Amino acid sequence: MAVSSFVVPCSSVVALHGVTRRYARAGLPVDALRGVDLLVEPGELVLLMGPSGCGKTTLLHVLGGLDRADSGTAVVAGVDLMAASQAQLDRYRQRHVGIMLQSDNLLSTATAQEQVALRLLARGVGWKVARQEASRLLAHVGLADRAQHRPDGLSGGEQQRVALARAMAGSPQLVLADEPTGELDSDTTIEMLALIQRSNRETGCTFVIATHDPLLATIATRVVRLRDGMVEVPA
Amino acid sequence: MKGIAVGLGERRLTVATRLRLALGDLRAQPLRTLLAVLVLTPLAASWFLLATIADSLDELGVAGEARNLVVTDPDVFDLANIALGDDELSLAAATAAGDAESVTPLVLRLVEMDDRVLQLRAADPALWAGVHGLRLLEGALPDPAGDDVAITQAVQVATGWQLGDTVRVFGTAFTVTAVLQGSGSKVASLWLPLGRAEALFERPGEFQFLVVRVRADADADMVRARLRAAFPERLVLDESAIQAEATRGVRSLGDLALVFTAVGIVGLAVGSANATALTLAERARSVGLLRVMGFTPRAVRGLLTARAMLLTGAALLLGLAVAWPLVAARSSFVLRSFTIEPALHPFTVVAGVGLSLCSAWLGAVLAGRRALRRPAHELLEA
C-alpha cells in the first residue's frame, strides 16, 4: 500500500497499516507478519497476545526499529520507520522507545547502574548525569541497594526491574516489552505488573507488551490478539 | 517516574567514557582479561627486545671519525705486510698541508688471544684522545718505557681482563694498566704506545695506517681527493667509511631485527583482532543489547576499540616489565668482534607503542566490521 494513502492520526504513538514481514527459515519462507494494522494512543498500555509464532516478537522488533517491515506503513512517535535510515533508527531508539526483551536483557559485565546509565550515555548524556539518573531510576523500581550488582548477583525479578528502569531511562514515549514476566514466579510477576502499571500511570508513557500471561490483562487498557501474523478482529 | 527528557544533539561518547566502559567490562571478567593480556604479552616483550637489538645494532658504524682520513694498503687484511714509513708520512703532510691538524702513524695488527681475534693498535698516547677519540675510564695510560697495555671496555667485557692482569701479546707479557672507551672501529682493541709497538715488532719507523686528522673548518672530501691523487696505489678512506663497511654485515642483522619488530607489531594487531573477534562471537547478544539501547554501530565500534587498546596497552606494559630486566641485566654483549650495548631509545618506544595501539585499533575495527553489519534483531538471536 502506498504511503500517501495512509493518513497517520496525529495523536497516535503507534500507527501501523498493512505491515508485512517475511523471513527465510531453514530455506523456507515464513510470513511472520501478514498485514498488521494497529493504532496505539498516548498513555495506553496495550497487550499483544497470541500463541507462539503468531508474530508478537517480530512486531515488537519492527516497532523498536530493530527490524524492518517488508511493506506497509509504520509510523511510531512521529518517525516513519519504513523510510528512516539506519542512523535515524538509531536515534529513534535513543530518544523515543525503550525496549525490554524476553530474556537475557542485561549485559553480563555491567552493574545495574551501568545498565541503565548506558542507555543515557548512548544518547549523549554525560557520565556523571547518566549515573545519577540511573540511580534515581533504580530507586524508583526498588533497587537502590542493588545498583552495583551485576546480573549474576540479581534475581530474575530484579533483572527485569533493571530492564524496566533502563527502558524508562530518558523518558521515552513508548516502551516495548517482550514477555516481561515470562520467567518470573507468580509473586514476582505481580510485583512487576504493579511496577509497570505505576510507571504507565505516573509518566503517561505508552506501553506495548507482548505476552502469553493472562495476568497482564489485569493492568492493560487494551488487549490486541495476534494470529498467524495478523491482528484478530473481535467477533 | 519523572525522568530526564533530554533533547540531546549528536554528541558522541567521549574517549574517557569509552575507556571507562571498556575498563569496567574487562574488570568484570578478570580471568579472561588476564588470559587475553598474557597471550599478547610475549608478543609485546619480543617486540621490545627486538627493538632494543635493532637500536643497538643501528648505532654500530655511525661513530666513526669522518675527519680522520686513513691511508693504507689496498690489501688491508694482510696487515703484517703493510709497511708505510717516513716517505709516506712526509708526502701526506705535504699534500694535506694547512688542512690537517696532524698527520700521524698508526700501527695496526691482529692478535689472537683466548680464541679471540683482537686488534692491537699503537699510536702516540698524546694523540689517543684528540685524534683517536679514546677516553680513559680506569687506571693510567701505559708507560712507553714499560710493558704496559691499555684495553677498551669492550675487550674487558669480552675477556674479563682487569687492571693489573698480565696478558701475553706476541710472546711478551704486558700488564693491563688502563681501560679505555673507544668508538667506531676502535671499540674493541688493545692499545700500546707507538714506540713500544715498534720495539715489539722490531720494525722501527714502520706502520700500517697513516692518519690525517683534517681541520674542522677544512673540506675533508677535498683533502681526501688530494690524498688519493698523491697515493694512487694506496687506499684512502675516512674512518666512518671504514667503520660502515666493517659493520655492514652486523648492521644488516639490525635491519632484520627491525623487520621482526614490525612483525611483532603486526602480531599484536592480529592478536588484538582475534581477541575482539572472539568477544564478538561469544557476546553477539551483548552487542545486540547495546544496539537496542540506541548505540550506533560507530559507538559500539568505539567501545570495542577502546577495549582492544586497553588490552594491548596492558600487554605492552607487562611486556616492557618482562623485557626491561633482560635488557638491563647485560650492559653489553659481544657479537664476533663487535661489542653491542643494548639501547632502547625513547623515540623507538613511543613510536612502537603508538604503532602497536594503532594496530590494535585497526584490528578491532576490522574484527568488528562484519559483526556490526548484522541487523540488531539478528544479533539478539545469536
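Trainee: Why does Asp228(A) count as partly exposed?

Mentor: A residue is buried if 20 or more other C-beta atoms lie within 10 Å of its own, exposed if 12 or fewer, and partly exposed in between, with C-beta atoms placed from the backbone. Asp228(A) has 14 C-beta neighbours inside 10 Å, so it counts as partly exposed. This is a predicted model, in which local features need pLDDT of at least 70 and side-chain atom pairs count only at pLDDT 80 or more, while totals for chains, interfaces and linings use all residues. Residues are numbered from 1 along each chain as its sequence is written, and chains are lettered from A and ligands numbered from 1 in the order in which they are written.

Trainee: Where does Asp228(A) lie, and what is its phi?

Mentor: Asp228(A) is in the loop between E9 and E10 of chain A. Its phi is near 50°, a positive value in a residue other than glycine.

Trainee: Why is Ala26(A) called exposed?

Mentor: Ala26(A) has 5 C-beta neighbours inside 10 Å, so it counts as exposed. Ala26(A) sits in the loop between strand E1 (14-25) and E2 of chain A, and its phi, near 55°, is again positive in a residue other than glycine.

Trainee: How do you know that E9(A) and E10(A) pair?

Mentor: Two strands pair if DSSP finds at least two bridges between them. Strand E9 (residues 222-227) of chain A and E10(A) have two bridges and run antiparallel, so by that criterion they pair. Within E10(A), Val231(A) is the bridge partner of Leu226(A).

Trainee: What makes E6 and E10 of chain A edge strands?

Mentor: The open sheet has six strands in the order E6-E7-E8-E3-E9-E10 (chain A), with mixed pairing. Strand E6 (97-100) and strand E10 (230-231) of chain A each pair on one side only, which puts them at the edges.

Trainee: Which strands are the edges of the four-stranded sheet of chain A?

Mentor: That open sheet runs E2-E1-E4-E5 (chain A) and its pairing is antiparallel. Strand E2 (28-40) and E5 of chain A are its edges, each pairing on one side only. Two bridges join strand E4 (residues 71-76) of chain A to E5(A), and Val75(A) has Asp80(A) as its bridge partner in E5(A).

Trainee: Why are H5(A) and H6(A) described as roughly parallel?

Mentor: Axes are lines fitted to C-alpha atoms, for helices over the stretch in contact, and angles run from 0 to 180 degrees between N-to-C directions. Angles under 35 degrees count as roughly parallel, over 145 as roughly antiparallel, 65 to 115 as roughly perpendicular and the rest as oblique. H5(A) and helix H6 (residues 186-203) of chain A pack at about 10°, with axes 10 Å apart. That angle makes H5(A) roughly parallel to H6(A).

Trainee: Which residues of H5(A) and H6(A) meet?

Mentor: Residues are in contact if their C-beta atoms, placed from the backbone, lie within 7 Å. On the H5(A) side the list includes Gln160(A), Arg161(A) and Leu164(A), and on the H6(A) side it includes Glu191(A), Met192(A) and Leu195(A). By class the contact has five nonpolar, five polar and two charged residues. Ala, Val, Leu, Ile, Met, Phe, Trp, Tyr, Cys and Pro count as nonpolar, Asp, Glu, Lys and Arg as charged, and the others, Gly among them, as polar.

Trainee: What makes H3(B) oblique to H6(B)?

Mentor: Helix H3 (residues 86-96) of chain B and helix H6 (residues 220-230) of chain B pack at about 140°, with axes 9 Å apart. That value makes H3(B) oblique to H6(B).

Trainee: How do you know that E9(B) is mostly covered?

Mentor: Six of the six residues in strand E9 (residues 209-214) of chain B are buried. Phe209(B), Val211(B) and Arg213(B) on one side are buried, as are Leu210(B), Val212(B) and Val214(B) on the other, which covers both faces. Strand E1 (residues 68-72) of chain B is joined to E9(B) by four antiparallel bridges, with Val70(B) opposite Val211(B). Strand E2 (residues 100-113) of chain B is joined to E9(B) by six bridges, also antiparallel.

Key:
Contact = placed C-beta atoms within 7 Å.
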